[in-house]
Amino acid sequence: MKIEEFRAQAHRVAEWMANYLETVEGRPVRAQTSPGEILALLPGSAPESGEPMERILADFDRVIMPGITHWQHPRFFAYFPANSSPPSVLAEMLTATVAAQGMLWETSPAVNELETRMMEWLRDLLGLPAEFRGSIQDSGSSANLVALIAARERATGGRACREGLAGHPPLAVYSSAEAHSSIEKAGKLAGLGSAFIRKIPVDRDQAMCTDALQEAITQDRAAGIVPCAVVACLGTTGLGSVDPLASIAEITARENIHLHVDAAWAGAAMMLAEHRHHLAGIEHVDSIAVNPHKWLFTNFDCSVLWSRDPEGVARALAMNPAYLLSQEGAAMPEYRDWGVPLARRFRSLKLWFVLRSYGADQLRTMIRQHIDWTARLAQLIRSEPVFEVVAGPRFALLAFRYRPDGWDNERVDAATEALLRRINADGRIYLTRTLLDGRPVIRFVIGQTYTQWRHVEEGWAVIRELARTNAAV
Ligand code: PLP
């Protein structure tokens, strides 16, 4: 494609982008296609000769868009948001165009140095300790993996990455039964083995029981197993619960165990003074992961891992082959050593655009609104006798079930599942489920950039409307 044609097509794509964001509300939130439907529309092999961009873009609308679930839809209340925003999208366009690699300082000093400054800006906005230094990882899962690798190296005195774990006593990691699955996955990837990822029971608020944590550590030590890391979760994926960081930190400080915090979603709420109390104990935390690509209006992928000792991570992960030797960058941190990939996208640009375009004040207002609207929604749900709020509101998440009077658990559970199926087949809103004490509940999460209170009201109206027809279940 000639640059002149690129210019024309780029204008056309920009027009498409603005139209999409203007009209996304009119689309069903969840893709309405069945498995294999998109695949069947795609030719079995690549074209031998190039095709005109007009045809490719037309097929994008015809073939691809029907199979898209609209995460930027203002009535997307499922999972956690993976929100984005106009300034973030503009930065992504520039990142894609410049397509610079940030594998070394030298391969693009601006990629390295903007990342350094953004990690400081965001750290300070979230009220994290000034000693923390961070880097952008491609996902929360990678951030949790890197944190466990750092913990493994500390627990083995650097032996694990040199000699492996053969002959070493097993290492154990402790997180709550509500922790995200990426913790267990990280344990597998770090060679610790999922059998040694201890799932500590939770209390009535789905937060980690610290007595049970202490007991598990003591038992492991007695059995010759080495406690390696505790992962506290600030905002669990299922129900948004918060582990008691201050009490956990007392244990890890006493026991000399790496304390990692997974705040992938709710970390964004630490911008608000009224939620900072959840960080009590942070002075004993060794590392923390927060995903701006969830609730901070920044396109996926942008997950930050701050660490008190990033050099510890670098000692474990640094590789210095001859083809990467560079004298000039020696004064700057080389972020390739702080994570898994060597090549690194220019991810800090979108964070810079977002933080500057909105300013901290506006970001706080948006997050605070999401939290306030969740509390208002909880009141509406509580005012309807056939519904029960079963967890939350916690930050911007609540969970509810459909529970008419006099119904037994089995009937309530079946009706709750049936209601969720109806809601998602309907398409006007999108919600997802989890289990509470083994029973299905419906989650409602507010955090999409374009969501206004009216969208939440519309969502609640859809739930009530479909619940009326659900009564027959
Ligand atoms: N930690 C928590 C608490 C999460 O909710 C998630 C994802 O939802 C993750 C980690 C994993 O994040 P990612 O999808 O960026 O790998």
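Reply: What follows describes the domain contact and then the ligand site.

This is a predicted model, in which local features need pLDDT of at least 70 and side-chain atom pairs count only at pLDDT 80 or more, while totals for chains, interfaces and linings use all residues. Residues are numbered from 1 along each chain as its sequence is written, and side-chain values use heavy atoms, with hydrogens and water left out.

The domain assignment, which is automatic or taken from a database, divides the protein chain into domain 1 (3–76), domain 2 (101–345) and domain 3 (360–467). The C-alpha centres of domain 2 and domain 3 are 31 Å apart, and their contact (heavy atoms within 4.5 Å) draws on 24 residues from domain 2 and 23 residues from domain 3. Between them these two domains bury about 1,900 Å², with 70% of it on carbon and sulfur atoms; buried area here is the accessible area, taken with a 1.4 Å probe, that two parts lose on being put together, summed over both. Of the area that domain 2 buries against domain 3, 36% comes from Leu239, Trp295 and Phe297, more than from any other three residues.

Between domain 2 and domain 3 the count is 1 salt bridge, the term standing for a side-chain nitrogen of Lys or Arg within 4 Å of a carboxyl oxygen of Asp or Glu. A salt bridge joins the side chains of Arg368 and Glu274, at 2.7 Å from N to O.

A polar side-chain atom of Thr237 lies 2.8 Å from a ligand oxygen atom, while for Asn291 the distance from a side-chain N or O atom to an oxygen atom of the ligand is 3.1 Å.

Notes:
Polar contact = N/O pair within 3.5 Å; in protein donor to acceptor, adjacent residues only side chain to side chain.
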